[in-house]
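Have the model open as you read.

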Amino acid sequence: MKTERKYPAKKLQFTFGTFLFFVAIIFFATTVRTPLTGVGTIISYIREDLGISNTTAGFLTTIPLLAFAIVSPIAPKISRKFGMEFTLFYSLILLSVGILIRSAGNITLLIFGTVLIGVAISFGNVLFPSFFKAKYPYQVGLLTGIYTVAMNISAAASLAFSQPIAERTGWQGALGCTVIFGLLTMIAWIPILRGERVEQFHSAHEQTGGKKIWQSSLAWAIAIVMGMQSLLFYCSTAWIPEILVSQGFSLEKAGFMTSIFQLSQMPMTFFIPIVAEKLSSQRPIVYFFTFCYLIGFGGLFFEWTSGAVLWMILLGFASGSSFGLVLMLFTLRTRNAYEASEISGFAQSFGYLISAVGPVLFGFIQELTGSWAVPNMIFIATSLILFVFSFISAKERYI
């Protein structure tokens, strides 16, 4: 038997309070991206200053993904204990502490701070889909779109500005300055803490009729969608520049092509959640992003370099669409916010575990075969697996 809400579901009304809510959401989205995305552009500064190996340096980008995989399943349970608003606020405090520790200037604190950052960001990743569903269930698509676009824009800005800041202040300054966003978000979050609380969830047994989330075939289908989507994104981000260089592009042009891939995701991450919410079945979206994936990766596989810009645009559309859809599946396939948080934690744990090993595996296969042909074939095969489980998940039903 489903637990009823403690207050009536509301429609979003555009008031000053709503404006503050949007500001808090945008700040939060910025806070969970800027501490991560800027690391790659200044990794050489960190490596040279601390005298660490490439393996250790690369591990810095893997730590948060492993933290996501480990912490995601327990985030809903912690939110039940402290309340969703306060759990998210406490995660901001932990994130800010992690940023300061990471910027202290030695390898031990660098790794420890990175672990804290990964743990803190896990809560935002898992809880926001259910937070939107509980707070404003009629505008989940709009709120998800705004949140994901804010994440993408802040990630792009972090990529652009981290290196110039590191040139002037050192890598410690480039990493440490992101604490500003954490502090601003805490201030913006205060009205939410003082406002009406979202549903306080009852026990998992009351919410799901005693059925564990991992016993649901639909939950596993959504988890596989999250895993395959994450694998494609992180492997594309890591290796498409190298693939293009192997096909005759300069490093500068390959980097430019990758930026096209990143920017092309933004309109899809905004519009797809809104469209998905209005459809009874989301299978048209599945057809769309599968087509884009297959054409884009097909162009890379056959080395049709004259169409590289088009391949990057299509892959950006595909990545943004599949990410936007999987976030919506957490709310569209559940009846209440608790279930949404449970499937979000379950699917993201599985997804980030796969994405953590994906780039390393692709690099190993390339070294083993001496060619990018096999990794490109894996891109295409993964796109087909993503299609199958997205098609299953897109049918209107509930976990």
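Is Y287 buried, partly exposed or exposed? With a relative accessibility of 46%, Y287 counts as partly exposed. Please bear in mind that this is a predicted model.

A search of the whole structure turns up 31 aromatic pairs. Two of them are set out below.

| Aromatic pair | Centre to centre | Angle between planes | Geometry |
|---|---|---|---|
| F86 and Y90 | 6.0 Å | 45° | tilted |
| Y287 and F387 | 6.2 Å | 35° | tilted |

Let's start with F86 and Y90. These two residues are four apart in helix 6 (residues 84-102), so about one helical turn separates them. F86 is partly exposed, at 23% relative accessibility, and Y90 is partly exposed as well, with a relative accessible area of 40%.

Now back to Y287, whose tilted partner is F387. This pair links distant parts of the chain: Y287 belongs to helix 13 (residues 283-301) and F387 to helix 16 (residues 373-393), 100 residues apart.

R283 lies over the face of F391, 3.7 Å from the ring centre. In the case of F82, the charged end of K81 sits over the ring, at 5.7 Å from its centre.

Key
Residues are numbered from 1 along each chain as its sequence is written. This is a predicted model: local features need pLDDT of at least 70, side-chain atom pairs count only at pLDDT 80 or more; totals for chains, interfaces and linings use all residues. Side-chain values use heavy atoms; hydrogens and water are left out. Rings of Phe, Tyr and Trp (its six-membered ring) pair if their centres lie within 6.5 Å; planes under 30 degrees apart count as stacked, over 60 as edge-to-face and the rest as tilted. Buried means under 20% relative accessible area, exposed over 50%, partly exposed in between (1.4 Å probe, protein chains only). A charge sits over a ring if NZ of Lys or CZ of Arg is within 6 Å of the ring centre and within 35 degrees of the ring normal.
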